[in-house]
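The following note sets out, in numbered points, what may be read from the structure shown here. It is written for a reader who is new to such models.

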Amino acid sequence: MKGKTLYLPPRFMSVNTAAEQLLEAEEITHKNNIYNGSKTLCVGLARMGQETQQIVAGTLNELKNVDFGSPLHSLIICGELHDLELEVLKEYLIEGSTYQSDDGEVSSRENININNEQAEESQVGS
């Protein structure tokens with residue numbers, strides 16, 4: 001049929017595919033240095049609002065290996081975050097994540113728990 005455009009059937013892109021494509025694009029155009037796949041904080045979301053919803057925070061390199069299950073998926077690449085936003089996201093951070101904040105601090109659940117315990121001890125000692 002000449003002149004008639006044929007389209008592929010609709011498909012949903014997964015967080016894993018999006019992360020892989022973004023890492024590949026950054027590797028090709030690394031001169032722009034837009035984000036670092038092993039340090040930039042990202043959030044993968046699946047089936048929000050459903051009983052099976054899933055929220056996972058980590059780097060692009062980490063999120064490409066997470067099983068998010070069936071669609072619909074969303075991917076957020078974080079820019080500068082307020083301390084409150086970062087505190088909430090740390091609850092969803094992949095165990096042992098290599099995410100680094102702008103000040104060079106490596107953030108992980110272990111660090112958060114240690115910091116929270118130290119804060120509680122200082123309040124008790126006051």
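This is a predicted model: local features need pLDDT of at least 70, side-chain atom pairs count only at pLDDT 80 or more; totals for chains, interfaces and linings use all residues.

1. His-73 and its surroundings. Leaving aside neighbours within four places in sequence, His-73 is in contact with Met-13, Ser-14, Val-15, Leu-45, Ala-46, Arg-47 and Phe-68. This residue lies in strand S3. His-73 counts as buried because its relative accessibility is 17%, which is under the cut-off of 20%.

2. Polar neighbours of His-73. Which backbone atoms lie 3.2 Å and 3.1 Å from a polar atom of the side chain of His-73? At 3.2 Å lies the backbone nitrogen of Val-15. At 3.1 Å lies the backbone oxygen of Ser-70.

3. Confidence. The average pLDDT of the protein chain is 82, and 78% of the residues score at least 70. Confidence is highest in strand S1, at 97, and lowest in helix H4 (residues 109–125), at a mean of 47. Over residues 109–120 the pLDDT is below 50, and this stretch has eleven contacts in the model beyond near neighbours in sequence.

4. Overall plan. The protein chain contains four helices and three strands. Along the sequence these elements follow the pattern α-β-β-α-β-α-α. Of the 126 residues in the protein chain, 30% are buried. Among contacts with a separation of 6 or more, 53% are between residues 24 or more positions apart.

5. The sheet. The three strands form an open sheet in the order S2-S1-S3, and their pairing is antiparallel. Strand S2 (54–58) and strand S3 (73–77) are the edge strands, each pairing on one side only. On average, neighbouring strands of this sheet are turned by 15 degrees against each other, direction ignored. Helix H1 lies across S1 and S3 and runs at about 35 degrees to S3.

6. Pairing of S1. Five bridges join S1 to S2, and S1 also pairs with S3 over five bridges. On the S2 side, Val-43 stands opposite Ala-57. On the S3 side, Leu-45 stands opposite Ser-74, while the bridge partner of Ala-46 is His-73.

7. The two faces of S1. How many of the five residues of S1 are buried? Five of the five are, and the strand is described as mostly covered. In a regular strand the side chains alternate between the two faces of the sheet. In S1, Cys-42, Gly-44 and Ala-46 point one way, whereas Val-43 and Leu-45 point the other way.

8. The largest nonpolar core. This core has eleven residues: Val-15, Ala-19, Leu-23, Tyr-35, Cys-42, Ala-46, Val-56, Leu-60, Leu-63, Val-66 and Phe-68. Helix H1 (15–28), strand S1 (42–46) and helix H2 (60–63) each supply at least two of its residues. The largest share, three residues, comes from H1. A second, separate core has nine residues, including Leu-41, Leu-45, Ala-57 and Leu-89. In soluble globular proteins, nonpolar side chains tend to be buried together.

9. Leu-63 within the largest core. Leaving aside neighbours within four places in sequence, Leu-63 is in contact with Val-15, Asn-16, Cys-42, Val-43, Gly-44, Val-56, Ala-57, Gly-58, Phe-68, Leu-75 and Ile-94. Among these partners, Val-15, Cys-42, Val-56 and Phe-68 also belong to the largest nonpolar core.

10. Arg-47. This residue is found in the loop between S1 and S2. Although Arg-47 is not a glycine, its phi is positive, at about 50 degrees. Is Arg-47 buried or exposed? Arg-47 counts as buried because its relative accessibility is 14%. Arg-47 is also one of the contacts of His-73.

11. A cis peptide bond. The bond joining Pro-71 and Leu-72 is cis, with omega at about 5 degrees. Leu-72 is found in the loop between H2 and S3.

Conventions
Residues are numbered from 1 along each chain as its sequence is written. Side-chain values use heavy atoms; hydrogens and water are left out. A nonpolar core is a set of buried Ala, Val, Leu, Ile, Met, Phe, Trp, Tyr and Cys residues joined through side-chain atoms within 4.5 Å. Buried means under 20% relative accessible area, exposed over 50%, partly exposed in between (1.4 Å probe, protein chains only). Contact means heavy atoms within 4.5 Å. Two strands pair if DSSP finds at least two bridges between them. Axes are lines fitted to C-alpha atoms, for helices over the stretch in contact, and angles run from 0 to 180 degrees between N-to-C directions. pLDDT is the predictor's confidence in each residue, from 0 to 100. A polar contact is a pair of N or O atoms within 3.5 Å; within protein, one must be able to donate a hydrogen and the other to accept it, and residues adjacent in sequence count only if both atoms are side-chain atoms.
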